[in-house]
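Me: I should like to learn how to read the features of a structural model. Please take me through them in order.

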2 protein chains.
Amino acid sequence: MNFCSACGKPVSQKIPPGDNRLRFVCGSCQVIHYHNPKIVAGCIPQWEDQILLCRRAIEPKSGLWTFPAGFMEIGESAEQAALRETVEEARADVVLTTLHSVLSLPRIGQVYIVFAGKMLSKRFEAGIESLEVQLFRLSDIPWDQIAFTVVSEALQHYVEDVARGSFTLHVASVPDQIVS
Amino acid sequence: MNFCSACGKPVSQKIPPGDNRLRFVCGSCQVIHYHNPKIVAGCIPQWEDQILLCRRAIEPKSGLWTFPAGFMEIGESAEQAALRETVEEARADVVLTTLHSVLSLPRIGQVYIVFAGKMLSKRFEAGIESLEVQLFRLSDIPWDQIAFTVVSEALQHYVEDVARGSFTLHVASVPDQIVS
């Protein structure tokens with residue numbers, strides 16, 4: 001951030017009165033610009049003994065696999081965002097069955113809110129952000145071609161949950177996320 | 001948003017290629033500025049059969065009650081944010097016991113991530129953003145003086161959980177949040 005989005009004049013980093021963190025503050029109109037973590041809402045869609053993964057068509061990590069997930073938008077709930085991403089990336093209709101993981105990535109300022117979902121039919125196809133979409137048995141997940149550490153972490157928990165026969169919520173911090 | 005935070009030139013709202021939503025786009029450097037929901041991380045601190053609430057010293061809703069909660073910062077996890085807010089607003093040390101609620105406020109672009117926590121001692125005092133901090137029995141919660149609808153919703157679920165004897169995660173959308 002170089003300029004104030006309100007008045008267009010230069011900003012500088014300073015700690016505002018009563019605060020304890022560096023913020024971008026406008027030297028002209030004094031507006032404080034806060035930057036906060038973004039939410040990535042996602043869904044692990046299940047069909048019988050398989051889950052649906054997408055091969056990314058966009059950077060970062062184009063060509064690698066993920067479950068449907070993307071930045072939540074203003075005007076929707078986390079659940080709506082997860083459903084929207086599942087339609088956009090995999091053209092799949094799911095019903096969300098449980099909140100599965102809340103995984104924070106402190107270094108890059110993201111929180112993944114990941115639901116488990118049941119596909120309402122076996123229909124799916126690649127959306128514009130996917131090269132291909134495919135059902136995988138849990139024993140066939142392409143672990144060495146997963147796009148992000150946080151996606152691997154959520155999938156590992158999912159596999160453990162299925163092996164144990166019950167879903168439990170996983171809340172964790174994933175410090176080593178590499179984005180590019 | 002009136003000006004590009006990268007180059008300082010005016011922005012306008014348009015739908016970028018491949019997108020389907022209006023974004024602020026710089027007419028000069030073409031940077032797209034995304035605005036996404038913010039996370040409010042909070043904790044319902046418990047001491048024996050009571051919970052700890054804070055009376056807000058800041059707007060909006062100064063003078064009304066809430067559990068400790070505030071905007072999550074880049075560089076921390078949701079859990080760390082909830083613990084930090086509990087220290088800042090109520091000077092209380094807690095251990096988080098479970099993720100209790102994930103409540104979306106689509107209209108204002110916020111998601112509350114609320115944990116239940118156990119106080120490690122009965123020590124607490126008002127932080128700078130609180131007028132006072134007080135332990136309440138669940139039957140004495142000041143329902144008509146709660147700051148936000150989303151706080152009432154989380155507290156109602158908490159009371160129901162305690163009555164039932166087990167905590168269950170609540171994921172919901174709270175459409176009627178009034179912020180001022």
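Predicted model: local features only at pLDDT ≥ 70, side-chain atom pairs only at ≥ 80, totals over all residues.

Me: How many residues of chain B are in contact with chain A, and which elements contribute?

Reply: Two residues are in contact if their C-beta atoms, placed from the backbone, lie within 7 Å. By that criterion, 35 residues of chain B touch 35 residues of chain A. On the chain B side, two or more residues each come from strand E4 (38–47), helix H1 (78–90), strand E8 (94–105), strand E9 (110–119) and strand E11 (170–173). E8(B) gives the most, with three residues. The elements are DSSP runs numbered from the N terminus: helices are H or I with at least four residues, and strands are E with at least two.

Me: What is the composition of that side, and through which surface do the copies meet?

Reply: The side of chain B that touches chain A has 19 nonpolar, 11 polar and five charged residues. Ala, Val, Leu, Ile, Met, Phe, Trp, Tyr, Cys and Pro count as nonpolar, Asp, Glu, Lys and Arg as charged, and the others, Gly among them, as polar. Since 100% of the interface residues of chain B are also interface residues in chain A, the copies meet through the same surface.

Me: Into which domains is chain A divided?

Reply: Domain bounds come from an automatic or database domain assignment. Chain A has domain 1 (1–35) and domain 2 (38–173), and their C-alpha centres lie 36 Å apart.

Me: How should I read the sheet of strands E1, E2 and E3 in chain A?

Reply: Two strands pair if DSSP finds at least two bridges between them. In chain A, the open sheet has the order E1-E2-E3 with antiparallel pairing. Its edge strands are E1 (11–14) and E3 (32–33), each pairing on one side only. Four bridges join E1(A) to E2 (residues 23–26) of chain A, and A:Gln13 has A:Phe24 in E2(A) as its bridge partner. Chain B also has an open antiparallel sheet in the order E1-E2-E3, where B:Lys14 stands opposite B:Arg23.

Me: Which strands pair with E8 of chain A, and in what sense?

Reply: E8(A) (residues 94–105) pairs with E9(A) (residues 110–119) in the antiparallel sense over 10 bridges, with A:Val95 opposite A:Lys118. E8(A) and E9(A) form a hairpin with four residues between them, and A:Gly109 in the turn has a positive phi of about 65 degrees. E8(A) runs parallel to E11(A) (residues 170–173), joined by four bridges; A:Val102 stands opposite A:Val171 there.

Me: What span does helix H1 of chain A have, and which of its residues are buried?

Reply: The expected span of a helix is 1.5 Å times one less than its number of residues. For the 13 residues of H1(A) (residues 78–90) this gives 18 Å, which agrees with the 18 Å between the end C-alpha atoms. A residue is buried if 20 or more other C-beta atoms, placed from the backbone, lie within 10 Å of its own, exposed if 12 or fewer, and partly exposed in between. The buried residues of H1(A) include A:Leu83, A:Glu85 and A:Thr86. Just after H1(A), A:Arg91 takes a positive phi of about 50 degrees.

Me: Where is A:Gly70 found, and why does it count as partly exposed?

Reply: A:Gly70 is found in strand E7 (residues 69–71) of chain A. It counts as partly exposed because it has 18 C-beta neighbours inside 10 Å. Leaving aside neighbours within four places in sequence, A:Gly70 is in contact with A:Val40 and A:Glu85.

Notes: Residues numbered from 1 in each chain as written. Chains lettered and ligands numbered in written order.
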